[in-house]
Amino acid sequence: MELTAVPIENPDELNVIIGQSHFIKTVEDMHEALVGTGPQLRFGLAFCEASGPRLIRWSGNDNDLVDLATKNATALAAGHSFIVFLRDGYPVNVLNAIRHIPELCTVFCATANPVEVLIAETSLGRGIIGVVDGAPPLGIETETDRTDRHHLLRAIGYKL
């Protein structure tokens, strides 16, 4: 088995969601789930098919994001994996809809941080075994940090 870290190309620091699903229907179901979260959301998604013609299937409503998703899916080349790039929306707004897709297996990450995907390759093919999402912590939250966190969540409208 060979282990590789594949960096996700994300030049605009967009939010990205990476996961695993088990059926070609994922592309259409994910498209429907994403457009159903709000008309402002722009996205591109790609899905690595693991059987049959083994194509990278794609969809989206933003051609640049579709191109970015297919480029990264090509680099991952991991069976039944998917990658979604978001603009004008955040993972917190779409994750619940994505998690309710019947064929979805796992969401590895949802982030705007730099990401590396850990790939295991065997004689059968390639699979995602995890992700490295961002950098390690620099310390423990102080009372001032807690207060700042509470204020931020209220300022951006996520808490009352």
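The legends below walk through several close-up views of this predicted model.

Residues count from 1 along each chain as its sequence is written, and because the model is predicted, local features need pLDDT of at least 70, side-chain atom pairs count only at pLDDT 80 or more, and totals for chains, interfaces and linings use all residues. Side-chain values rest on heavy atoms, with hydrogens and water left out.

**View 1. The five-stranded sheet.**
Here you can follow an open sheet in the order β4-β3-β5-β2-β6, paired in the antiparallel sense. Its edge strands, each pairing on one side only, are β4 (56-60) and β6 (104-111). On average, neighbouring strands are turned by 15° against each other, direction ignored. Two strands pair if DSSP finds at least two bridges between them. Strands of a sheet pair through backbone hydrogen bonds, either parallel or antiparallel.

**View 2. Strand β2 and its two partners.**
Strand β2 (15-21) is joined to β5 by six bridges and to β6 by six bridges, antiparallel in the case of β5 and of β6. Buried means under 20% relative accessible area, exposed over 50%, and partly exposed in between (1.4 Å probe, protein chains only).

Start with the pair formed by β3 (residues 42-48) and β5 (residues 81-87), which is antiparallel over six bridges. Within this pair, Phe43 has Leu86 of β5 as its bridge partner. Helix α2 (residues 63-76) packs on the sheet, where it touches β3, β4 and β5, and its direction makes about 25° with that of β3. Helix α1 (residues 26-35) lies across β2, β3, β4, β5 and β6 and runs at about 160° to β3. Contact means heavy atoms within 4.5 Å. Axes are lines fitted to C-alpha atoms, for helices over the stretch in contact, and angles run from 0 to 180 degrees between N-to-C directions.

**View 3. The three-stranded sheet.**
A further open sheet has the order β1-β7-β8, with antiparallel pairing. Its edge strands are β1 (2-7) and β8 (126-133), each pairing on one side only. Neighbouring strands in this sheet are turned by 25° against each other on average, direction ignored. Six bridges join β1 to β7, and Leu3 stands opposite Ala120 in β7.

**View 4. The nonpolar cores.**
A nonpolar core is a set of buried Ala, Val, Leu, Ile, Met, Phe, Trp, Tyr and Cys residues joined through side-chain atoms within 4.5 Å. Which members of the largest core touch the most other members? Of its 20 residues, they are Ile8, Ile18, Ile83, Phe85, Val115, Val117 and Ile119. The elements giving two or more residues to this core are β2, β3, α2, β5 and β7 (115-121), and α2 supplies the largest share, five residues. Residues up to four places away in sequence aside, Val115 touches several residues, including Val6, Ile8, Val16, Ile18 and Val131. A second, separate core has 17 residues, among them Ala33, Phe47, Val94 and Ile101.

**View 5. The surroundings of Asp62.**
Asp62 lies in the loop between β4 and α2 and, at 13% relative accessibility, counts as buried. Its side chain makes a polar contact with the side chain of Arg87 (3.2 Å). A polar atom of the Asp62 side chain also lies 3.0 Å from the backbone nitrogen of Asp64. Leaving aside neighbours within four places in sequence, Asp62 is in contact with Arg42, Phe43 and Arg87. A polar contact is a pair of N or O atoms within 3.5 Å; within protein, one must be able to donate a hydrogen and the other to accept it, and residues adjacent in sequence count only if both atoms are side-chain atoms.

**View 6. Two loop residues with positive phi.**
Most residues other than glycine have a negative phi. Arg54, in the loop between β3 and β4, has a positive phi near 50° and is exposed, with a relative accessible area of 61%. His80, in the loop between α2 and β5, has a positive phi of about 60° and is partly exposed, with a relative accessible area of 22%.

How values were computed
Helix = DSSP H or I, 4+ residues; strand = E, 2+ residues; numbered from the N terminus.
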